[in-house]
Amino acid sequence: MPMEPICAPVTPLLSSPVAIIKVSGDSLSRVLEPLAQLPKPRMAALRRLEWDGYSERALVLHFPAPHSYTGEDVVEFHLHGNPILVRRFLEYLGGIGIRLAKPGEFTQRALLNGKQDLLDVEALKDLMDAATDTQIRQAQARLGGVPAWIREAKEKIAFWVARAEAAVDYGEDENINFLDMGALKSNVAVLNETFHVEQRRSASARWLKDGVRVAIVGKPNAGKSTLFNALAGEDRAIVTEIPGTTRDVIEVKCEWAGLPLCLFDTAGLRHSDDPIERLGVARVDPILEQADYVLHLVPAPDSAPDPEILQRLAPYQEKVLIVRNKCDLAESDGIRVSAINGELEPLEQAFKHRFFGEFTPDACLGALATKRQCELLADLIQQMEMISTLLDSCPVELPASLLQGAWLLIMRLTGEDRADTTLGALFSGFCLGK
Ligand SMILES: Nc1nc2c(ncn2[C@@H]2O[C@H](COP(=O)(O)OP(=O)(O)O)[C@@H](O)[C@H]2O)c(=O)[nH]1
Ligand SMILES: [Mg+2]
């Protein structure tokens, strides 16, 4: 099916040294003939472009199909970086039948033409949206094709699908056992083991991608603001020895323990007659609600955590960590830190244990990381578990249809089957020209 040619600026429409305009479509050497003779494939050449009274010396690049980003002919024009000039050039291209691309349309064509798989496209989107160094490295690790474990699983499942189909088709005619249920189930067990490891990796990967919201709470003067500043690596919150200094919730984004964190410093939890401090205390509840991890800071010299605060935190118990601060002053048990001296090692270990489990942060970089991917992996695990509970004597139609289902889930994961994937939402999040 011939695709109508599209164009877009791939550099921002600002005054800049160079502006690049990309064109993709079929038979571009003919379409662009009135403008310029295209250079040899993948060789940059200077061309004088003349249109509507403009005369621009531009560097031109030509990537003939199928060896291009989209898999179609792609041509790049490097003009002088004047935004008005770029607009006039795009208007001219529109006049010769090359319309402006929609956001993500180049990448969408790359997907349709098999130049990229859906996992790549999703990683690309995350690369462009990445806001921290870790998120950039994570998106980069996810680029570069379908991971080996998925390719291997796909191959194994295809093998068993073929076996099961043969058993359904010929099972009764001949005396051959096409489907050895014992072998199938032991193979499924091995696959499922891998899927479970990948599921745990991707749980960590999602913390890397989405970040962890951390609330620091505790009684006044516990050292919450000091810890907040130490984790943030900057002096954001005011620290004094006067209880009740922090009265509003302060928020900062940072990276710590290999994780992108969104930190919240809060007013000390206590009854107060100061109306402003009371408002601050009331604001803690929604923060507790949203937080992924709540650090309940308890000064080491205190014999035990404040019972009232413990009670207030009870509904969030599974995400609360008691941290003993000011360990330079007194002995205590538990997770011991000294925020003022930046001695935070036990806390760092607690973070790593909770969010990375058995893995190092680096080991989680390439794991599946989007909601869509993780949901499909969970479905796949469920499908495999159903196969492993089949009786050896069951009718072959049962494993055949379950294996077919597993195959379909893998195909959806890679995007080879896109029947019910909403691509529109994915591509509308891309920038123009990508
Ligand atoms: N010795 C010691 N003092 C600390 C430590 N952390 C905080 N402080 C001090 O405790 C006081 C209260 O600290 P702040 O961070 O304002 O507590 P907040 O009210 O919980 O926010 C300040 O004088 C800090 O310097 C620590 O680890 N060791
Ligand atoms: Mg404070």
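These legends describe close-up views of a predicted model. Local features need pLDDT of at least 70 and side-chain atom pairs count only at pLDDT 80 or more, while totals for chains, interfaces and linings use all residues. Residues are numbered from 1 along each chain as its sequence is written, and chains are lettered from A and ligands numbered from 1 in the order in which they are written.

**View 1. Overall layout of the protein.** The protein has 15 helices and 12 strands. Both are DSSP runs numbered from the N terminus: helices are H or I with at least four residues, strands are E with at least two. The radius of gyration is 29 Å, well over the 22 Å that the globule rule gives for 434 residues, so the protein is more spread out than a compact globule. That radius is taken over C-alpha atoms, and the rule is 2.2 Å times the number of residues to the power 0.38. Along its principal axes the C-alpha trace spans about 80 × 80 × 30 Å. Buried residues account for 38% of the 434. A residue is buried if 20 or more other C-beta atoms lie within 10 Å of its own, exposed if 12 or fewer, and partly exposed in between; C-beta atoms are placed from the backbone.

**View 2. Three domains.** Domain 1 covers 6-112, domain 2 covers 148-207 + 365-415, and domain 3 covers 216-288 + 297-352. These bounds come from an automatic or database domain assignment. The C-alpha centres of domain 1 and domain 3 are 55 Å apart.

**View 3. The largest nonpolar core.** This core has 68 residues. Those with the most contacts inside it are Val 214, Ile 216, Val 294, Leu 380, Leu 403, Ala 406 and Ile 410. Domain 2 and domain 3 both give residues to the core, so it lies between them. A second, separate core has 32 residues, including Leu 38, Leu 79, Val 86 and Ala 123. A nonpolar core is a set of buried Ala, Val, Leu, Ile, Met, Phe, Trp, Tyr and Cys residues joined through C-beta atoms within 7 Å.

**View 4. Contacts of Val 214.** Neighbours within four places in sequence are left aside here. Val 214 is then in contact with Leu 261, Leu 263, Phe 264, Ala 291, Asp 292, Tyr 293 and Leu 295. Contact means that the C-beta atoms of two residues, placed from the backbone, lie within 7 Å. Across the protein, 65% of the contacts between residues at least 6 apart in sequence join residues at least 24 apart.

**View 5. The shell around ligand 1.** Of the 21 residues around ligand 1, Gly 223, Lys 224, Ser 225, Thr 226 and Ile 340 come nearest. A residue counts as near if its C-beta atom, placed from the backbone, lies within 6 Å of the molecule. Helix α8 (residues 224-232) gives the most to this shell, with 3 residues. By class, the shell has 6 nonpolar, 11 polar and 4 charged residues. Ala, Val, Leu, Ile, Met, Phe, Trp, Tyr, Cys and Pro count as nonpolar, Asp, Glu, Lys and Arg as charged, and the others, Gly among them, as polar.

View 6. Asn 221 lies between β7 (212-218) and α8. Its phi is near 75°, a positive value in a residue other than glycine. Asn 221 is buried, with 20 other C-beta atoms within 10 Å.

**View 7. Helix α3 and its cover.** Helix α3 (residues 105-112) is mostly covered, with 7 of its 8 residues buried. Among them are Glu 105, Phe 106 and Arg 109. The buried residues pack against β1 (6-9), β2 (16-25), α4 (118-129) and α15 (423-428). Just after α3, Gly 114 takes a positive phi of about 75°.

**View 8. Backbone features on either side of β4.** Most residues other than glycine have a negative phi, and most peptide bonds are trans. Asp 52 is not a glycine, yet has a positive phi of about 45°. Asp 52 is found in the loop between β3 (45-51) and β4. Asp 52 is exposed, with 9 other C-beta atoms within 10 Å. A cis peptide bond joins Ala 65 and Pro 66, with omega about 0°. Pro 66 sits in the loop between β4 (54-63) and β5 (73-81).

**View 9. Arg 206 in helix α7.** Helix α7 (residues 181-210) holds Arg 206. Arg 206 is partly exposed, with 19 other C-beta atoms within 10 Å. Not counting residues up to four places away in sequence, Arg 206 touches Ala 369 and Cys 374.
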